Amino acid sequence: SGGGKSASSDGEVHELDFSHFFPPTHFMEEEIQAFASELEEKTDGRIKITSYPGAALAEPDEHFDAAATGSVDFALSVNGYTPGEFPLTSVMELPFMAKTAVSGSENLMKLMNEFDEFKAEYEGTVPLWLYTTDPGQLYTVDKPVKSLEDLKGMKIRSPSPETSEWLEALGATPVSMPMNENFEALERGVVDGTIAPWEAVKTWGLDEVINYATVGNFYSTTMFVVMNEEAFNQLSEEDQETIMDLAGERMAKKTGEVFDQFGAEAIEQAKEKGVEIYELSDTELEEWSEFINPTIENWINNVNGKGLPGQEVYDRAVELSGK
Amino acid sequence: MSKLFTVPEEMLKRIEVFQQWVANGALLFMMAIITIDVIGRNFFHNPLKGTYEMTELSSALLVFFALAVTHRVGDHITIDFLVERFSEKLRNLILAAVEMIISIVLFLMATNIFDNGLRMMERHSTTTDLAIPLYPFLFLIALTLMVFMFTAIFKAITYIRLVVKKS
Amino acid sequence: MSPEIIGIIGIIALLVLFMIRVPVAVSLIVIGTVGLAAIRDWDAAFVQLGTTPFSTASSYSLSVIPLFILMGMFLSYSGFGRDLYTAVDAWIGNIKGGLAMTTIGTSALFSAISGSVNATTATMARISLPEMKKYNYDDTLSTSSVAAGGTLGILIPPSVILVLYGILTMEPIGKLLIAGLVPGILQMILFMIMIYIIAWRKPSLAPVTEKKPLSVKIKSLTYVWPFLLLFGLSIGGIYYGYFTPTEAGGVGAFGAFLLTVLTRRLSFEDFKKSLSETTRLTASIFFIIIGADIFSKFLALSTIPVKITQFVSDLALPAMAILALILVVYFILGLFLEGIAIFVLTLPVVYPLITMLGFDGVWFGVVMILVMNIGLLTPPMGLSVYIISGVTNIPAGRIFKGVIPMLMMMVLCLILIVTFPDIVLFLPELMK
Ligand code: NA
Ligand code: NA
């Protein structure tokens, strides 16, 4: 498609649309704008990107499809919004995979480059870069969670089925609900806590209602930035190279840094608002792991069962995480 | 009326009645699972797994299975302040044309939703908590839209017959 | 052709389709799809046609709509709705417009719980309109009180759309949620005043009944308890955190079902009718929302919303003039777009400007909602009016005419809040 003006060859201007679900005021919109202007500059104005934030062009869970089918040229969204479509990418959603967004993002890119099956999950598109947010922590309203005992019986909003599984194993009650109801649910006590990255705590204003945070790096939200293959192929080889140079590991790292920085600011802000932060020690985490490990085994078996190298990808991800 | 018209139309009506039942069932199902989930979560530490996504799927089934019969009874909302002033013949002609527009739109919707279902099948797209495959739902929805399309076509034929009969 | 021109042609074509009696939903889908194709290409348009219907119909926040409607159907078919209005008539039937005022109040309560304008409007239309008809209330007065009452719920907390505003602007969500309360109540009182004025100027529109003795009044309360019980259950359940406002729909419908069955007031025949009417009404509402979603993606690509807000913000005018122009733009966008779409498309331009001009961000969120509520009651995209038309078979045009006095009250409320920002701000400022 290529936004109408496509034909082929050099010298031609390609006006391309970039769609994502983040609010237009979110820092990721700035990152996309920065990427767009760098690209425009490096291609001497041959590639012009218009960003459409706030899911104006496609619903959040339609973004991969939108890019694959050429409904949009670039798409950024959360892998977890379309469960089942990215079984290997979801390795990063398992607990303890990354301590920062940068390391999570870098490792995600390495995994994609090392495993063909991993890359195949993005077939029909050109994957530009993958990244993670800062890791998900546990936040509670009325009482701090410092031990397994504290967590028992608590209703916790969970971001994924894997998280729900181990929360249940730990004696908590996992609750699924859309993020836009989370604030109200925490305030009213529909849930006692939630698992989310610090980034989301600030973005959704959750620090107004939560009082305690338990840091254990329980989860990483992964996101993709992909380009429609046809739109990509219509670019000159030189411009294709420019895109790949600008994107890839460079952008993964850059995006990770922005999330880490925003996460750090979110922590500062939360502290100012009186949120008490408790970091689980290695010994405590080991205790938690006993209940969490079966979930990891289930994930591996499940992915292996699909004929995919679940075990290998998991082992490599752990190795990269430096545990 | 010729059998060519009445027999298939009778069948269509039966399918619509059946679909209405499915839609009603989806509605009751939503009511039941939300109630069970709320009670389970608050009083038994035991929420109903997948309530969130089952509610979403039921909602979609409810809507699409009820679309055709809603059209049959004329419940789809229109703004009528021009056509009602025309002569009966012109009015029926316009209404026939409108039904044709509706059926074209529904045909395109149905085929594209079916294509979307095929993509979801290839990509193994599922729900979050229960990992229910999504493509069968899209196929079903495409089917209900085809039924809706036929309802519109039969309405168009009815209007055209009125025009022909009167002249 | 530039996207803006295509956008304008699309809007005109939409009005033409409406006029030749193409269903509202189908008109929106046709123009949205052809428009997307004109700006991008047919492939892109067809992908939208293949994905949006399912993702909209399976949206969790919308799924509350049928459940609240079902609750209303149960109450209506079981005769509890009739009993409620009998009681209202017994107590305040001698007051001019009393029944319509009660409808506004009940709608406010109902939409505060459901948080959904659509669910409230459909439910209240089903419960109250037949009853008001029995008391010889004029159609335009009764439908406009339902339409107006339904809009109160996105001001009165909890309001999902104010949460969204908070996320887009980083304004504190807790303050935003509480900020809507006083304006919501003010708006409700203004609606009631307007009803009184109408009933006073033209008594035939809202006939009063004679004053009833106390014994009749007391007796009339016998069957009001199901409403009190359900409202108590819903508000209590939300307030004490047993369920979310969305879940309140499911619990409320189940509660109404139990009540009507246990009191043996719902025959199996009426039970089936309740279900079928609910699903058909839901189908017609969702069909329009699906169309509106596709249409708004087309309008987003046309860049019209961004261009006009950009244009206004670039004008070198005094703060109040800019604000007035912005509100006019929002009013115009509200004619064609739904609230969330307007927020997302325009706030990045408008919000920084508004705060730079020295206006309060929390206050502006409430102001925006007031303006967008006006759009719910105006053609061509007046979803509330279409829903009432769908429930009652009263032509939409007639309802649009009837709500004009209510629109005047909404404008008045807006003027009051712009003039006295403290109406919005004093409550949030009490919070630490
Ligand atoms: Na509300
Ligand atoms: Na409107």
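This is a predicted model: local features need pLDDT of at least 70, side-chain atom pairs count only at pLDDT 80 or more; totals for chains, interfaces and linings use all residues.
**Reading a helix crossing and a covered strand**

The crossing of α1(A) and α10(A) is right-handed.

User: Which residues make the contact?

Analyst: From α1(A), the contributors are Phe35(A), Glu38(A), Leu39(A) and Lys42(A). Helix α10(A) supplies Thr242(A), Ile243(A) and Leu246(A). Sorted by class, the contact comprises 4 nonpolar, 1 polar and 2 charged residues.

User: Turning to a strand, what is the general idea behind its two faces, and which residues of β8(A) lie on each side?

Analyst: Side chains in a regular strand alternate between the two faces of the sheet. For β8(A), Gly193(A), Ile195(A) and Pro197(A) are on one side, with Thr194(A) and Ala196(A) on the other.

User: How many residues of strand β8 (residues 193-197) of chain A are buried?

Analyst: The count is 5 of its 5 residues, and the strand is described as mostly covered. Both of its faces are covered.

User: Which strands pair with β8(A), and in which sense?

Analyst: Strand β5 (residues 136-140) of chain A pairs with β8(A) in the antiparallel sense over 5 bridges. Strand β6 (residues 155-157) of chain A runs parallel to β8(A) and is joined to it by 2 bridges. Thr194(A) in β8(A) stands opposite Tyr139(A), and Arg157(A) also stands opposite Thr194(A).

Conventions
Residues are numbered from 1 along each chain as its sequence is written. Chains are lettered from A and ligands numbered from 1 in the order in which they are written. Side-chain values use heavy atoms; hydrogens and water are left out. A crossing is left-handed if the near helix is turned anticlockwise from the far one by less than a right angle, and right-handed if clockwise. Helices (H or I, at least four residues) and strands (E, at least two) are DSSP runs, numbered from the N terminus. Contact means heavy atoms within 4.5 Å. Ala, Val, Leu, Ile, Met, Phe, Trp, Tyr, Cys and Pro count as nonpolar, Asp, Glu, Lys and Arg as charged, and the others, Gly among them, as polar. Buried means under 20% relative accessible area, exposed over 50%, partly exposed in between (1.4 Å probe, protein chains only). Two strands pair if DSSP finds at least two bridges between them.
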